[in-house]
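Subject: The structure we talked about

Hi,

Here is the structure I promised to pass on. Have a look at it first, and then read my notes below.

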Amino acid sequence: MIDATALNPLAADPARRQMLPYGRQSVDEDDIAAVVEVLRSDWLTTGPKVTEFEQAFAHLTGVREAVAVNNGTAALHAAMYAIGIGPGDEVLVPAMTFAASANCVVYQGGIPVFVDVDPDTLLIDPVQVQVNITPRTKAIIVVDYAGQPCDYDRLRAIADRHDLWLVADACHALGGSYKGRPVGSLADLSTFSLHPVKPITSGEGGMVTTDDPDLAQRMRVFRNHGITSDHRQRDQQGSWFYEMVDLGYNYRLTDFQCALGLSQLRKLSGWVARRREIARRYDAAFASMTAVQPLVVRPDVVHAYHLYMVRVHEPDSEMSRDEVFAALRAAGIGVNVHYIPVHLHPFYRERFGTGTGLCPTAEAAYGQLITLPVFPAMSDADVDAVVAGVHTAVSRIRMEQL
Ligand SMILES: Cc1ncc(COP(=O)(O)O)c(C=O)c1O
C-alpha cells in the first residue's frame, strides 16, 4: 500500500487543495535524485540513460525492442513511418480516442477511417473493423481506452486474415495485460505516452515497443532527422561522418527525462495496483446508483485505469451530463470528459468530410461520459469525497426535476 500523503503533499493539507485533479503525477525524492545525477553528468541527451530506459521498458513489456521518443504523438508518428504508411493508405482508428491516434496517419499522408466502438467498453468494435476494411487498408490502430486492453485475439485474427499491421495506441494502458500477456507485447507496434497524467511520466515522453528489430531501427533513424548514427556513437568512434538517409524529425528524448522515466518505471506495478483499488472502491459505491454506470471491464484483462469513466444517464429523466459535470466542478472535483469523438472535430469534418452519424455509439457515449479522478496518490478519503460529490449532484438534479 502506498503512502498517499508522502507522494502528494496536497493530500495532507485539504486547505491548500483547490481542485482534486482527474489525474496527477507522483514524483518522489528518488526521481529527483535520478534526474540530478544526469544533470551532473556529461550527457544531457541521447546518452546512456536512453538505452537503459529502453531496455528496462522492453523487459517490463516483454518485447525485444523499445524506442524512446519525446512524446506519445511522436511515438504514433514513428510507428506509422516504420510500417510505411503513405499517401492514400487507409488506417482504421477508433472514433473514441484522443486526436493524436488519428493525426499520426494524416502526418504520413494517409487517410484515417473512423471505426465505431463497443457500447459497453467503448473499445474498438472488431465487427466494425471488419466492415471498414477496403483494398486500400494498410493498418489498424487500436486504443486501449482508459487503460483497458482491447480484444487482441480477435483483432489479431482480423489483421492476419487481411494482411494488415496491428498497432496499439497503449498510451493509457502501461502496466495492464490481456490474457496474462503484458500491454506492449500485444500488437506489431505499441505506443506509449509519458505525459504527467499517464501511468508513469518523464515530463513529456513517449515509447514504442516491438519484437521486430528492423522496425525498431527504422524508428531510431526517424527520431534523429533520418540520420543513421547519433552524436554519442560518432563521438565513441572518433568520427564526424554521418548520412541522412530519409526525412526524419528531431523526436529524441533527453537523458535526464529517461532517468526520470526509469525511476518511475520501478514504481509502476504499485501504482497500477493502487489505481485498481480506487476503481474497485468506485465500482462498489456506484453499484447502487442507477444514474451512474461505470464502463464494463472484460474478465480476461488487467485494466490499468489511467482513467475511470462513468456514464451519467437515467432513463425517463432529463438529467444531463453537463449538469452533473458543472455540479462536480463547483464542488472542487476536477472531472473531465474523454473524449469528443475524433471525427467530430472541425479539422476532420473539413478535411475528410466526416460528421455526426458516422460512429453513433461513440457519439451517444460522448454525451454521457464523465471522467472521475484517479491517480496513485489519491487517498481513500479523496475517493469517498468524489463518491459523495457524485451522489449529492445526482440527487439534487433529480430533486430539481420533480
Ligand atoms: C490515447 C492517446 N494517444 C496519444 C496521446 C498523445 O500523447 P502525448 O500527449 O504524449 O503526445 C495521448 C495523450 O493524451 C492519448 O491519450
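Let's begin with the ligand: one of its oxygen atoms is 2.7 Å from a polar backbone atom of Gly72. That is a polar contact, meaning a pair of N or O atoms within 3.5 Å.

Before you go further, note that this is a predicted model, where local features need pLDDT of at least 70 and side-chain atom pairs count only at pLDDT 80 or more, while totals for chains, interfaces and linings use all residues. Residues are numbered from 1 along each chain as its sequence is written, and side-chain values use heavy atoms, with hydrogens and water left out.

A nitrogen atom of it is 2.7 Å from an N or O atom in the side chain of Asp169, and an oxygen atom of the ligand is 2.8 Å from an N or O atom in the side chain of Lys198. How much of the ligand's accessible area does the protein cover? The answer is 90% of the 390 Å² that the ligand has on its own (Shrake-Rupley method, 1.4 Å probe).

Around the ligand there are 15 residues (each with a heavy atom within 4 Å of it), and Gly72, Thr73, Asp169, His172 and Ser193 come nearest. By class, this shell has five nonpolar, eight polar and two charged residues; Asp, Glu, Lys and Arg count as charged, Ala, Val, Leu, Ile, Met, Phe, Trp, Tyr, Cys and Pro as nonpolar, and the others, Gly among them, as polar. Helix α5 (72-82) gives the largest share, three residues.

Now zoom out. The protein has 16 helices and 13 strands (DSSP runs, H or I of at least four residues for helices and E of at least two for strands, numbered from the N terminus). Along its principal axes, the C-alpha trace spans about 80 × 55 × 40 Å.

His338 and Tyr339 are joined by a cis peptide bond, with omega about 10°, and Tyr339 is in the loop between α13 (321-330) and α14 (346-352). Thr46, in the loop between α3 (29-39) and α4 (48-61), has a positive phi, near 45°. Most residues other than glycine have a negative phi, and most peptide bonds are trans.

Cheers

Terms used:
Polar contact = N/O pair within 3.5 Å; in protein donor to acceptor, adjacent residues only side chain to side chain.
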